[in-house]
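Welcome! Have the structure open as you read along.

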Amino acid sequence: GVGDEILYAGMLRDVMRTGVQAVVETDPRMVTLFQRSFPELEIIARGETIPADVVAQSSTARLPYLFRRRLADFTATGPYLIPDPERIDWAREVFSKLGAGALVGLAWRSGNRRTSSGKSTRLSDWQPLLARNDILPLSLQYDPGDESDERLYDNPALDIRDDIETLAAEIAVLDHVVSISGLTAHLAGALGRPGHVLLPRAPLWFWFAGGRRCPWYPSLSLVRQQTPGSW
């Protein structure tokens with residue numbers, strides 16, 4: 001998934017430090033964001049012709065085996081994605097019209113058919129947060145379905161599913177993000193933005209088995225489900 005690509009991109013600078021010349025093949029939606037963030041690397045969209053001088057290939061999912069074998073290997077972890085400055089200016093201008101209060105982005109449901117059932121919530125689960133009068137809750141949900149709440153601000157972007165650059169810029173401007181395990185959580189962590197990630201009882205391996213700290217993303221706090229199915 002795209003979130004996994006963002007996670008593993010946190011080790012691309014480790015690759016560069018080895019002196020290896022690398023070409024990174026990624027989801028087409030990520031090319032400009034990755035190129036801006038890692039200008040020393042050649043970034044190509046998945047499906048493009050791989051340069052003829054490439055002599056070896058590896059999934060980025062193998063990089064943790066090389067560069068994150070112990071918790072001590074995470075000491076240099078920090079923000080590594082650089083959002084588009086023009087989109088940042090646009091987001092600031094739009095969000096400034098929403099009023100006073102902490103601007104908090106919410107993502108409550110996964111669109112991944114393979115993994116969504118265990119980690120998705122319902123918007124109705126979020127009522128205690130939506131009822132707070134000290135925040136401005138903004139939807140970061142690219143596919144809200146038929147769920148809505150009058151206290152939740154609609155996202156001003158036209159298509160945050162395919163326009164990940166705009167989603168990244170929005171997150172960079174927010175005061176806080178609260179998200180299930182998914183693209184939004186990974187973007188917030190890679191951008192160094194504060195947030196909470198709601199994890200199911202048995203999360204994917206990279207969230208580890210316990211604890212609130214997230215070694216991959218120091219700015220995020222992990223909230224672990226205690227009873228399967230209950231948020």
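## Helices α5 and α8

Let's begin with a pair of helices in this predicted model. Helix α5, residues 85–95, packs against helix α8, residues 164–173, at an angle of about 55°, and their axes are 8 Å apart. Angles under 35 degrees count as roughly parallel and those from 65 to 115 as roughly perpendicular, and α5 and α8 are therefore oblique to each other. Their crossing is right-handed.

## Helices α8 and α9

Helix α8 has another partner to visit. With α9 it packs at an angle of about 60°, the axes being 10 Å apart. The two helices, α8 and α9, are therefore oblique to each other, and α8 passes α9 in a right-handed crossing.

On the α8 side the contact is made by I164, L167, A168, I171 and A172, and these meet L183, T184, L187, A188 and L191 in α9. Nine of the residues in the contact of α8 with α9 are nonpolar, one is polar and none is charged.

## Helices α1 and α9

Next, follow α9, residues 183–191, to α1: their axes come within 8 Å and cross at roughly 20°. Because of that angle, α1 is roughly parallel to α9. Here the crossing is left-handed.

Which residues of α1 and α9 meet? From α1 come V2, G3, I6 and L7, and from α9 come L183, H186, L187 and A190. The contact of α1 with α9 divides into six nonpolar residues, two polar ones and no charged ones.

## The largest pocket

Now for the open space in the model. The largest pocket has a volume of about 940 Å³. Its lining is made up of 35 residues, and those nearest the pocket centre are A22, V23, A56, Q57 and S58.

Several elements give two or more residues to this lining: the helices α1 (2–9), α2 (12–17) and α4 (63–67), together with the strands β1 (23–26) and β2 (42–45). What classes of residue line the largest pocket? There are 20 nonpolar, eight polar and seven charged residues in the lining.

Methods
Residues are numbered from 1 along each chain as its sequence is written. This is a predicted model: local features need pLDDT of at least 70, side-chain atom pairs count only at pLDDT 80 or more; totals for chains, interfaces and linings use all residues. Side-chain values use heavy atoms; hydrogens and water are left out. On a 1 Å grid over the protein atoms alone, a cavity is a set of points where a 1.4 Å probe fits but cannot get out, and a pocket is an open set with protein on both sides within 12 Å along at least five of seven lines; lining residues have an atom within 4 Å of a point. Grid points are joined across faces, edges and corners, and a volume is the space filled by probe spheres set on the points. Helices (H or I, at least four residues) and strands (E, at least two) are DSSP runs, numbered from the N terminus. Ala, Val, Leu, Ile, Met, Phe, Trp, Tyr, Cys and Pro count as nonpolar, Asp, Glu, Lys and Arg as charged, and the others, Gly among them, as polar. Axes are lines fitted to C-alpha atoms, for helices over the stretch in contact, and angles run from 0 to 180 degrees between N-to-C directions. Angles under 35 degrees count as roughly parallel, over 145 as roughly antiparallel, 65 to 115 as roughly perpendicular and the rest as oblique. A crossing is left-handed if the near helix is turned anticlockwise from the far one by less than a right angle, and right-handed if clockwise. Contact means heavy atoms within 4.5 Å.
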